[in-house]
Amino acid sequence: MDTLGALFQGFSVAVTPMNLVWAFVGVALGTFVGVLPGIGPALTVALLLPATYTLEPTAAFIMFAGIYYGGMYGGSTTAILLNTPGESASIITAIDGNAMARQGRGASALATAAIGSFIAGTIATVALTFLAPVMVEIALQFGAAEYFALMVLAFTTVSALLGSSIFRGLASLFLGVTLGLVGIDLQTGQARFALGVPQLLGGIDVVIVAVGLFAVGETFFVAARHRWEQEEILPVKGSVWMTRDEWKRSWKPWLRGSALGFPFGALPAGGAEIPTFLSYMLEKRLSKRKEEFGKGAIEGVAGPEAANNSAAAGVLVPLLTLGLPTSATAAILIAAFQQYGLQPGPLLFANEPDLVWGLIASLYIGNLMLLVLNLPMAGVWVRVLAIPRPLLYAGILVFATLGTYTLNNSVVDLVLLYVIGALGFVMRLYSIPVAPAVIGLILGPLAEQQFRRALSISQGDATVFFTSPLSASLLAIAAIIVVGPTIWRLVRRRKT
Amino acid sequence: MARNLKVARNLKSAHLGEAGFGLGVMLFGMLVAVLTTNIPIGPAYSAVGPRVFPWLVSGALIVVGLMLLIESLRSTEPSDRPEVDWRAIGIVGLGLAAQLLLMTGAGFVVASTVLFVAVARAFGSRRPLLDTVIGLVLCAVTQIGFTWGLGLRLPAGIFAGFLKGLL
């Protein structure tokens, strides 16, 4: 099918008055929740997931697209004005953004972040529009063995990128995979790890795990630390804008950041952390004012923010075309699809073109809405930041437990939430990243399905994973990522 | 001197915590292995049974836990484990337990207001009365909004009659 025609069809779905309202509700809610300190995009999506249960799928996903982009926008506001990045991809933004806010240039920092995010988001969405159909063609050639190998590669890259050591990432990942095994095995109908609790037979909902790790665990962690850490909200009044000179210094970093971010997000080894870091290094190297970096260089906000948003759009490529989540937020989005009985992947483009292209079209619309919403309303979001911490975290926990309880109206889910929250707290304490656990929970069952499918086609012959050249090379790359650093260290030690 | 000793002790106990986490992951992997042997293999034919993947996962957990244990024991850098205010943790935990117990009987509004006040207290709020009022209003508005707007049902508890009259 012609891509432009399909996109046009998508716009005709997204531009109906009701769907525009959902898109607006999505970006407004996403920005609002994203601005709240301690709430990153993944938790934003997880907390708002129950609110969409009563919607029909197309409207729900249009709203989700808004929440996804809105959460990213909101997160950068928190990073700049409060210096508490809600997710690892905003850490870099916080360095110079907060320094600018300290010098009273918070409005310019917010403006370059918002406009840069809009430009990067739009460029990356265009790239997504044209890359997705190509990826679908490629994905249709994949067999079960290739899919499994690709998932193993995604497992290892996600663990390697998100943790300070790969084993910390892998520990988190496999804890998530184990949680994903709980429940009835769909192929044989046998109960696994349900411990005789009937409520566990249906499996553990991703909302419980994400909210438990990100909201309950985070609240425990901040509660444990609040006496030692002080924070300061920097003021910004009215609407935000930039001077001529700041425009001149921002536009190139925006474009370079967009170009860096998208490929990293689109590779099934995504994540937005690395491109934001690379963009910062690149801008510092190219700048004539190197000494300003770390002390409020606008390029250090413009580039990484563009890279962050561009990568966020890139992540949607493996998500929609392969059904492969490479960030915690993407994993929760997959769960949202599954809620409606839909499985993202090449077949979704063939079976539900209105839904997929409506979603992509609403990304363009949501991005534009966010720009309009954020430039004049920055002052409003700043007021959200001023909610006293005791009330804020009390509210977060009430909504976390509410979101969990409404899943099944069951107290068992609440117990599960607390247990997972306690686990999340311990993981935070020892710097074990929690995002791989959420990815493992969603990707684990998908990987098992492809693993078993591949082995039933080959009639139990495990060499099937190594006889296909593509599958073999993907597995080889995964193996290098896991054991490579250790071997490298050993070799180097022998030399010295 | 005394300070040095204290630093050394903190350092050691922090790494003990990390080693404990690795050990915990290992033990959890063994538990998964034990539970895997309890998975019934049903009469339905399949080339790969329901136990194969859990076996792989339990093996991976044991290996990863072992590697974490080795990493923590060999680490010479000071641990970055932050200090913990256990009293605050305890208050949040009590709030969650109270919410769990009150949810079905007393209803969402009462249970969640108790949680709200407890968490605010753990974060250093000294105005329990004000917190109670704010929590009550927040929870009541939420319950009415969810029932009205989204059609989701939350346990009404002691406000059942009131809510019924309202809607």
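Let me start with chain B. Of its contacts with a separation of 6 or more, 60% are between residues 24 or more positions apart. Keep in mind that this is a predicted model.

What is chain B built from? It has six helices and zero strands. Along the sequence the pattern reads α-α-α-α-α-α. Buried residues account for 33% of its 167 residues.

How confident is the predictor here? Mean pLDDT for chain B is 83, with 82% of the residues at 70 or more. Helix α4 of chain B, residues 108–122, has the highest confidence, at a mean of 94. Helix α6 of chain B, residues 160–166, has the lowest, at 67. Then look at residues 5–10 of chain B. There pLDDT stays under 50. The model gives that stretch zero contacts beyond four places in sequence. Where pLDDT is low, the predicted coordinates should not be read in detail. For the complex, the predictor gives an ipTM of 0.87 and a pTM of 0.87.

Now chain A. We have 21 helices and two strands. The C-alpha trace of chain A spans about 65 × 60 × 50 Å along its principal axes. Buried residues make up 61% of chain A. Take the contacts in chain A between residues at least 6 apart in sequence: 80% of them join residues at least 24 apart.

Next, the core. The largest nonpolar core holds 214 residues. Which of them touch the most other members? Those are A:Ala210, A:Val211, A:Ile332 and A:Val438. Take A:Val438 as an example. Leaving aside residues up to four places away in sequence, A:Val438 touches A:Ala42, A:Gly176, A:Val206, A:Val209, A:Ala210, A:Leu213, A:Ala328, A:Ala331 and A:Ile332.

On to the interface. How many residues does each chain put in? Chain A brings 53 residues and chain B brings 58. On the chain A side, the helices that each supply at least two residues are α8 (166–181), α9 (206–225), α17 (389–408), α18 (411–429) and α19 (435–457). α17(A) gives the most, with eleven residues.

Last, some loop residues in chain A. A:Ser164 sits in the loop between α7 (144–162) and α8. Is A:Ser164 buried or exposed? It counts as exposed, because it has 11 C-beta neighbours inside 10 Å, and the cut-off for exposed is 12 or fewer. A:Ser164 is 269 residues from A:Pro433 in sequence, yet their C-alpha atoms are 8.2 Å apart.

A:Leu195 is not a glycine, but its phi is positive, near 55 degrees. A:Leu195 lies in the loop between β2 (191–192) and α9 of chain A. With 9 other C-beta atoms within 10 Å, A:Leu195 is exposed. A:Ser431 also has a positive phi, about 50 degrees, and is not a glycine either. A:Ser431 falls in the loop between α18 and α19 of chain A. Here the count is 15 other C-beta atoms within 10 Å, so A:Ser431 is partly exposed.

How values were computed:
Residues are numbered from 1 along each chain as its sequence is written. Chains are lettered from A and ligands numbered from 1 in the order in which they are written. This is a predicted model: local features need pLDDT of at least 70, side-chain atom pairs count only at pLDDT 80 or more; totals for chains, interfaces and linings use all residues. pLDDT is the predictor's confidence in each residue, from 0 to 100. Helices (H or I, at least four residues) and strands (E, at least two) are DSSP runs, numbered from the N terminus. Two residues are in contact if their C-beta atoms, placed from the backbone, lie within 7 Å. A residue is buried if 20 or more other C-beta atoms lie within 10 Å of its own, exposed if 12 or fewer, and partly exposed in between; C-beta atoms are placed from the backbone. A nonpolar core is a set of buried Ala, Val, Leu, Ile, Met, Phe, Trp, Tyr and Cys residues joined through C-beta atoms within 7 Å.
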